[in-house]
Number of protein chains: 2
Amino acid sequence: MTTSRSDLPVVLDRARPLAAQITGQLRDAVTSGVLLAGERLLSTRELAATLGVSRTVVTSAYAQLFAEGWLEGRHGSGTYVADVTPGLPPVRVPPGPARSGRVPAGQVRPSQATPPSVSPLETDKDGRIEMLPGVPWADGIDPAMWRRAWRYAGTRPPSSWPDACGLRELRAELVTYLRRSRALTVTADHILITRGVSNGLTGLAATLLSPGDRAGVEEPGYPAAREVLRRAGAEVVPCRVDEHGVVTDELPDDLRLLYTTPAHQYPLGGRLPVARRQALVAWARRTGTVIVEDDYDGEFRYDVAPLPALAAMDPEVVVYLGTTSKMLTPVLGAGWLVGAPGLVDRITADRQRISERVPEPVQHALVQMITSGALERHVRRMRLEYARRRSVLMGLPGVIGDTAGMHVVLELPPGRSAAEVASAACDLGVGVFTLDRYYAGPPNRDGLALGYGAVPLTGVRRAAGLLRPLLAP
Amino acid sequence: MTTSRSDLPVVLDRARPLAAQITGQLRDAVTSGVLLAGERLLSTRELAATLGVSRTVVTSAYAQLFAEGWLEGRHGSGTYVADVTPGLPPVRVPPGPARSGRVPAGQVRPSQATPPSVSPLETDKDGRIEMLPGVPWADGIDPAMWRRAWRYAGTRPPSSWPDACGLRELRAELVTYLRRSRALTVTADHILITRGVSNGLTGLAATLLSPGDRAGVEEPGYPAAREVLRRAGAEVVPCRVDEHGVVTDELPDDLRLLYTTPAHQYPLGGRLPVARRQALVAWARRTGTVIVEDDYDGEFRYDVAPLPALAAMDPEVVVYLGTTSKMLTPVLGAGWLVGAPGLVDRITADRQRISERVPEPVQHALVQMITSGALERHVRRMRLEYARRRSVLMGLPGVIGDTAGMHVVLELPPGRSAAEVASAACDLGVGVFTLDRYYAGPPNRDGLALGYGAVPLTGVRRAAGLLRPLLAP
């Protein structure tokens, strides 16, 4: 039995958010080696008493550090420092994300959430429920918010000479948003407005890759990323993923680029632990590989705030891709690429050579939704709503992955094949994806991906009831 | 001296537009061989008297046939049937385009045109005048029209499952627009909504081309088209252009695809004559080449109505690309591809593999501008405005090309180099392009391209005054 560290170097400024200070200082203590792997922390009750703050504050700070992978163990049975490698490479940890409207798991009650409207999109005319991963809830978008955004866009006259990197106002807003929500400290010159993740990856690939270059993609992973890289002339190299995310030990040394989803591995749902994040960045430094971080649904975490971006660790080797496709809707067609200014300039110039652009009114509408706070309110409402749907599916057997996003993955009991289950589900009117579609090569797992973004709670409940008998061993 | 054909088989239905009937029946007479190359037609006065219609009607019909290339000669000295190849291949000639607001050359008077506002975009802060080809007049867009379009877009809720070919309402509107303005008779299933010409070409290339395929591009031609095809893995083959457009006799037989601008060759300004159009389509039939018709600025003709599309001749071998980038603004990011439904389906499926889409609100805004008539009113206003600017530049020596579009090309007198003139113009505060940037290989012409789309009349006048001394032999 280890003794708890009671000499934690936490000094609080009462005028600033307390949980964020605790999070930041404990992170620093780990990265600087003051706290060592395996050390036990004070319990939340003890630390709260020591610091003279409410226990909620400490619980929130610990939850964030758990989610980011700095801590291990369970709240009930003791909290331990995870095995991270301090100081290799130098870890830049900006102030932790502060966020209101956090929804700890298990605290979602129907009374807190927006009552779900009965959506015509729950089912199509045949009464089917299509559980497509990656599709958000279009009907959850407040019509008044949508109207205001486009009304504003209509008041902005079109430019003769639009800025090819995207509207300066939008990039300035994203500077603040990324710092607050992802601990990414960048300037507007680091940001290129894109139409979304695929579009950002296309621009990056056109600039970075030469025909025959090897580009890594998680296996299983996002098929569109593979396709974009293939079209850019790259040889796509599958990189194995386990329940935590990409397996850094196995990465080959000759990749020009690695596409990865550290916040929420797509589709399996792993959250890349801090030690692997450090290993990944060190590997990229050593091999000269560019890491592409796709943070497609980082807004939707149901336990803690969004995680700091991998790019916050080492912005020189990580290019970050964000999108509004999951947090809002793919029909908006807006996203961002964050990278070194020189790289952003090269991608911008390259995009101009093929007249590639993001419609200006789309950018104005997004500015309006960010500056008015409407986008963050929308994300909070959706987070509540998705959490409720998710909790229904968590009752199904075989769920793997992290408490995030808009889909769950089910592994099947021995003897059941995903194709058979999907086919039987289809016969019952429930459309689900089998995992094999996310593999470039032969699948090493058999399972199902169930998207709940576009299916209202009633549909999710019905689908769960129909699927449960099919998932029994 | 030839005698005029006085037995023309023109029979008029007084209840329908007269000029369009004359145009259509004379076209039919040429394609069916009733009228032969070199035959002289009645003068406009004689034919008007024969048919019992006003001379204006016949003049308008002849002007359209001149523009389309069916007739040759001058109104004053006799009108002759051009050398076209009847019936090879079967030419589908739908009813000619009917349009109000036509602006015959020379009829543009200041009092008819919208007074140009003094635009802050005429010059940048240094007082420079940037005559960029291909940039339309952003300040010419009526703020009320723009506001209404986006306000409408905001009232349309985002779809969960958007149609990957584009909004059905928009495609239905384009069916009517293309029939009326381009004599293109298609259904909504022939139409894919794109973000513009480059985007349409990208989708087509991804679907049609295999690495190493040879793809022809006009030389000189549109650099972005070359770049798009190169990125799709094609070997880009320069295809020589003369003052009429692409030289069909010289086209190699082993192209998979030919990108061409028959309505208004970019940048030289030629209008592809009927005989070459027929030869082009016959060549494509024989060799299995897909012709890509880029109709980027077909709305801006200052003599006659927009020409029938090449695709109207043989929609099976021609894929048509249209855009709002010139007629409205490139910041909208909307265009269309018209092709056989099977091809459109394949391109659509292929675009979905890389999450390629056109923002839905952009499509709704365009629907509003088309159905309200605002887009056509805008085009008419811009046509008047551009015609006035154009007429200023027509006074400069060395202008070549057709009376269309938003730029002119100047050939230089012997002994003057375009680079020297451009450099001297730059020193005087006038930015112009040299023709060499439109060539893949060594240029066979030396000249300048002057865009007047984004420069108000006052700026065009000032630029013309500054350029004139530099253009003297």
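This is a short walk through a predicted two-chain model, from the whole assembly down to a few single residues.

The predictor gives the complex an ipTM of 0.81 and a pTM of 0.82. For chain A, the mean pLDDT is 87, and 88% of the residues reach 70 or more. There is one stretch to watch, though: over residues 86-125 of chain A the pLDDT is below 50. That stretch still has 89 contacts in the model beyond its near neighbours in sequence.

Now, how do the two chains sit together? If you rotate chain B by 180 degrees, with 0.1 Å of shift along the axis, you superpose it on chain A with an RMSD of 0.2 Å. That is the relation of a two-fold axis. And if you want a landmark for the axis, look for B:Arg151: its C-alpha is 2.3 Å away, the closest that any residue of chain B comes. As for the interface, 98% of the interface residues of chain B are also interface residues in chain A, so the copies meet through the same surface.

Next, chain A on its own. We have 473 residues, and 60% of them count as buried. The chain has 13 helices and 18 strands. Take the contacts between residues at least 6 apart in sequence: 74% of those join residues at least 24 apart. The accessible surface of chain A comes to about 17,700 Å², with 54% of that belonging to carbon and sulfur atoms.

In chain A, helix H11, residues 374-393, packs against helix H13, residues 457-467. Their axes are 9 Å apart and the angle is about 10 degrees, which makes H11(A) roughly parallel to H13(A). On the H11(A) side you'll find A:Glu385, A:Arg388, A:Arg389, A:Val392 and A:Leu393. They meet A:Leu457, A:Val460, A:Arg461 and A:Ala464 in H13(A).

Let's zoom in on a loop residue. Is A:Thr324 buried or exposed? This threonine lies in the loop between strand E12 and strand E13 of chain A, and A:Thr324 is buried, with a relative accessible area of 0%. Leaving out its neighbours within four places in sequence, A:Thr324 is in contact with several residues, including A:Leu332, A:Trp336 and A:Leu366.

Most residues other than glycine have a negative phi, and most peptide bonds are trans. Here are four places that go the other way.

Two are cis peptide bonds in chain B. One runs from B:Glu219 to B:Pro220, with omega near 0 degrees, and B:Pro220 is in the loop between strand E7 and helix H7. Another runs from B:Tyr266 to B:Pro267, with omega near 10 degrees. You'll find B:Pro267 in the loop between strand E10 and helix H8.

Then there are two positive phi values. For A:Ser355, phi is near 55 degrees. That serine is in the loop between helix H9 and helix H10 of chain A, and A:Ser355 is partly exposed, at 23% relative accessible area. For B:Ala183, phi is also near 55 degrees. The alanine lies in the loop between helix H5 and strand E6 of chain B, and B:Ala183 is buried, with a relative accessible area of 1%.

Okay, that's my tour.

Definitions and conventions
Residues are numbered from 1 along each chain as its sequence is written. Chains are lettered from A and ligands numbered from 1 in the order in which they are written. This is a predicted model: local features need pLDDT of at least 70, side-chain atom pairs count only at pLDDT 80 or more; totals for chains, interfaces and linings use all residues. Side-chain values use heavy atoms; hydrogens and water are left out. Copies are superposed by least squares on the C-alpha atoms of residues with pLDDT of at least 70 in both. Contact means heavy atoms within 4.5 Å. pLDDT is the predictor's confidence in each residue, from 0 to 100. Helices (H or I, at least four residues) and strands (E, at least two) are DSSP runs, numbered from the N terminus. Buried means under 20% relative accessible area, exposed over 50%, partly exposed in between (1.4 Å probe, protein chains only). Accessible areas come from the Shrake-Rupley method with a 1.4 Å probe; for residues, only the protein chains shown count as cover. Axes are lines fitted to C-alpha atoms, for helices over the stretch in contact, and angles run from 0 to 180 degrees between N-to-C directions. Angles under 35 degrees count as roughly parallel, over 145 as roughly antiparallel, 65 to 115 as roughly perpendicular and the rest as oblique.
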